[in-house]
Amino acid sequence: MAAERTQDRERERDRERDRPGPRIRLDLPRERRARLLPEYDPEAFGRMSERIARFLGTGRFLVWMTLTIIVWVLWNIFAPGSLKFDEYPFIFLTLALSLQASYAAPLILLAQNRQDDRDRVNLEQDRKQNERSIADTEYLTREIAALRMGLGEVATRDWIRSELQDLIKELEERRDLFPSADPRGSDVPDR
């Protein structure tokens, strides 16, 4: 029997050696396959557009844009004729500003859409948290009301004291109504 097990193990080893390629293990991640097309992160463009939109909304951008336009206009007015690249109607400057605006608007809209998506997710999470808080508050309110009702039925020290005083008064009234013949107050003859 042991010989058969040994032979089975040897056959299994021979089969493993004859198999093409490495043995597949489930506890290891698969190797990445080579792709013909380059891979890209679909969120990379969105993150870049948000950075650009954030920069376009700063005072630093306005200062740099204003300085660039002033230098452009002054250069093309006061520079020697051979160094001027955009004469008075500044058509090239108008084209550059139009190009910048045509790219800035969609980038800003893309950044706003991404921010709207984040706000929507945050709003949904806040709504769920508020629902849980309301449910917890309602539960605690019901528990406090039950405790108050239960405390209303509990005998307090003052209530017990007043009941005992009422009983003492009632006993004194009965003693006055039914005095005993024996001055010591014995009830032996009554038995």
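1. Angles between axes under 35 degrees count as roughly parallel, over 145 as roughly antiparallel, 65 to 115 as roughly perpendicular, and the rest as oblique. The structure discussed here is a predicted model, in which local features need pLDDT of at least 70 and side-chain atom pairs count only at pLDDT 80 or more, while totals for chains, interfaces and linings use all residues. Residues are numbered from 1 along each chain as its sequence is written, and side-chain values use heavy atoms, with hydrogens and water left out.

2. The protein has 5 helices and 0 strands (DSSP runs of H or I with at least four residues, and of E with at least two, numbered from the N terminus). Along the sequence the pattern reads α-α-α-α-α.

3. Two packed helices are described by the angle between their axes and the distance between the axes. For helix α3 (residues 59-78) and helix α4 (residues 91-152), the axes come within 11 Å and cross at roughly 160 degrees. The two helices are therefore roughly antiparallel to each other.

4. Which residues make the contact between α3 and α4? From α3 come Phe 61, Met 65, Ile 69, Trp 72 and Val 73, and from α4 come Phe 92, Leu 93, Leu 97 and Gln 100 (contact means heavy atoms within 4.5 Å). These residues divide into 8 nonpolar, 1 polar and no charged.

5. Of the 191 residues of the protein, 9% count as buried, that is, under 20% relative accessible area with a 1.4 Å probe, protein chains only. The protein exposes about 18200 Å², of which carbon and sulfur atoms supply 59%.

Terms used. Axes fitted to C-alpha atoms, helices over the stretch in contact; angles between N-to-C directions. Nonpolar A, V, L, I, M, F, W, Y, C, P; charged D, E, K, R; others polar. Buried < 20%, exposed > 50% of the residue type's maximum accessible area, 1.4 Å probe, protein only. Areas by Shrake-Rupley, 256 points an atom, 1.4 Å probe, with all protein chains shown as cover.
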